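Q: Please take a close look at one part of this structure. I would like one connected walk through a strand pair, the helix that links it and a loop residue beside it.

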Amino acid sequence: GVGRFVADTEFELLDRTTKRIHGEDKNHLTVIAFTSTSCPLSKKYLPTLVDIHSDFKARGVRFVLVNCVATDRPDEMKAALERFTSNVEY
């Protein structure tokens, strides 16, 4: 649920490397947003996520975008992610 700690979670990035979110890391807030490059609502909401990211990245808030549609293409996911910043990991 929103605002709850999650268990340690490992996930794969677009470059096929893996990362881990440490659920009990109380020093960092991580925003997890489920998106899709083919969903009209996700496309419409991406600029809002970009704005939120811009407002909070200086405060150390981390963002993880989870693409939840298996048929979305990796090149489209990378293009959407690049709207955040040029130094975002993916």
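A: Start with the strand pair. Strand S3 (residues 30-35) and strand S4 (residues 62-67) run parallel, joined by six bridges. Within this pair, Val-31 stands opposite Phe-63 of S4. The model is a predicted one.

Helix H1 covers residues 40-56. Together, S3, H1 and S4 form a β-α-β unit, and the unit is right-handed.

Next, the loop. Thr-37 sits in the loop between S3 and H1. Its relative accessible area is 16%. Thr-37 counts as buried because that value falls under the 20% cut-off.

What does Thr-37 touch, leaving out residues up to four places away in sequence? The list is Lys-43, Asn-67, Asp-72, Arg-73, Glu-76, Met-77 and Ala-80. One of these, Glu-76, also makes a polar contact with Thr-37. The two side chains are joined at 3.4 Å.

Step back to the whole chain. The protein chain has four strands and two helices. From the N terminus, the order is β-β-β-α-β-α. The chain has 90 residues, and 23% of them are buried. Take the contacts between residues at least 6 apart in sequence: 53% of them join residues at least 24 apart. The accessible surface of the chain is about 6700 Å². Carbon and sulfur atoms account for 53% of that surface.

Methods. Residues are numbered from 1 along each chain as its sequence is written. This is a predicted model: local features need pLDDT of at least 70, side-chain atom pairs count only at pLDDT 80 or more; totals for chains, interfaces and linings use all residues. Side-chain values use heavy atoms; hydrogens and water are left out. Two strands pair if DSSP finds at least two bridges between them. A crossover is right-handed if, with the strands pointing away from the viewer, the path from the first strand over the helix to the second runs clockwise. Buried means under 20% relative accessible area, exposed over 50%, partly exposed in between (1.4 Å probe, protein chains only). A polar contact is a pair of N or O atoms within 3.5 Å; within protein, one must be able to donate a hydrogen and the other to accept it, and residues adjacent in sequence count only if both atoms are side-chain atoms. Contact means heavy atoms within 4.5 Å. Accessible areas come from the Shrake-Rupley method with a 1.4 Å probe; for residues, only the protein chains shown count as cover.
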